[in-house]
Amino acid sequence: GDGRYWPPSAWFAFCRGRSDLRRRRGMCHEFATRLDAHSLGIAALRCFVELLPPRSAEDAADGVREIFGVQAAWRLYWADVCGHWKRLLATYRA
């Protein structure tokens, strides 16, 4: 799957192996029961943020500044995640 949607437990298993994952009870539980929920949550947030209309001057008056703060935070997060994912893929393509 697309690693940009993986939860921390999947990355832990990828980097350290399943035997190390089994020793981490919380991560093991997440890996066994929450992979789809995490990915769905990331996908839903991405859809929500990317489908917001462009920001306008009247938005501040309408009290939706906080929503655009979420959008700005998402853009920073997604750029960071995509950058890491591209570098990881490049190591396997080389």
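Reply: The model is a predicted one. Helix α6 runs over residues 65–93, which makes 29 residues. From its first C-alpha to its last it reaches 42 Å, close to the 42 Å expected at 1.5 Å a residue.

Seven names make up the buried set of α6: F68, Q71, W74, W78, V81, C82 and W85. An α-helix has 3.6 residues a turn, so residues three or four places apart point the same way.

Q71 counts as buried because its relative accessible area is 6%, and buried means under 20%. Apart from neighbours within four places in sequence, Q71 is in contact with V49 and L52.

The surface comes next. A nonpolar patch is formed there by L45, F48, I67 and V70, and together these have about 300 Å² of accessible area. F48 belongs to helix α4. With a relative accessible area of 42%, F48 is partly exposed, because that value lies between the 20% and 50% limits.

Helix α4 covers residues 35–50 and also holds G41. At 37% relative accessibility, G41 is partly exposed as well. G41 and Y5 are 36 residues apart in sequence, while their C-alpha atoms are 8.8 Å apart in space.

Conventions:
Residues are numbered from 1 along each chain as its sequence is written. This is a predicted model: local features need pLDDT of at least 70, side-chain atom pairs count only at pLDDT 80 or more; totals for chains, interfaces and linings use all residues. Side-chain values use heavy atoms; hydrogens and water are left out. Helices (H or I, at least four residues) and strands (E, at least two) are DSSP runs, numbered from the N terminus. The expected span of a helix is 1.5 Å times one less than its number of residues. Buried means under 20% relative accessible area, exposed over 50%, partly exposed in between (1.4 Å probe, protein chains only). Patches are made of residues with over 30% relative accessible area and no salt bridge: like charges are joined within 9 Å, nonpolar side chains (Val, Leu, Ile, Met, Phe, Trp, Tyr) within 5 Å. Accessible areas come from the Shrake-Rupley method with a 1.4 Å probe; for residues, only the protein chains shown count as cover. A salt bridge is a side-chain nitrogen of Lys or Arg within 4 Å of a carboxyl oxygen of Asp or Glu. Contact means heavy atoms within 4.5 Å.
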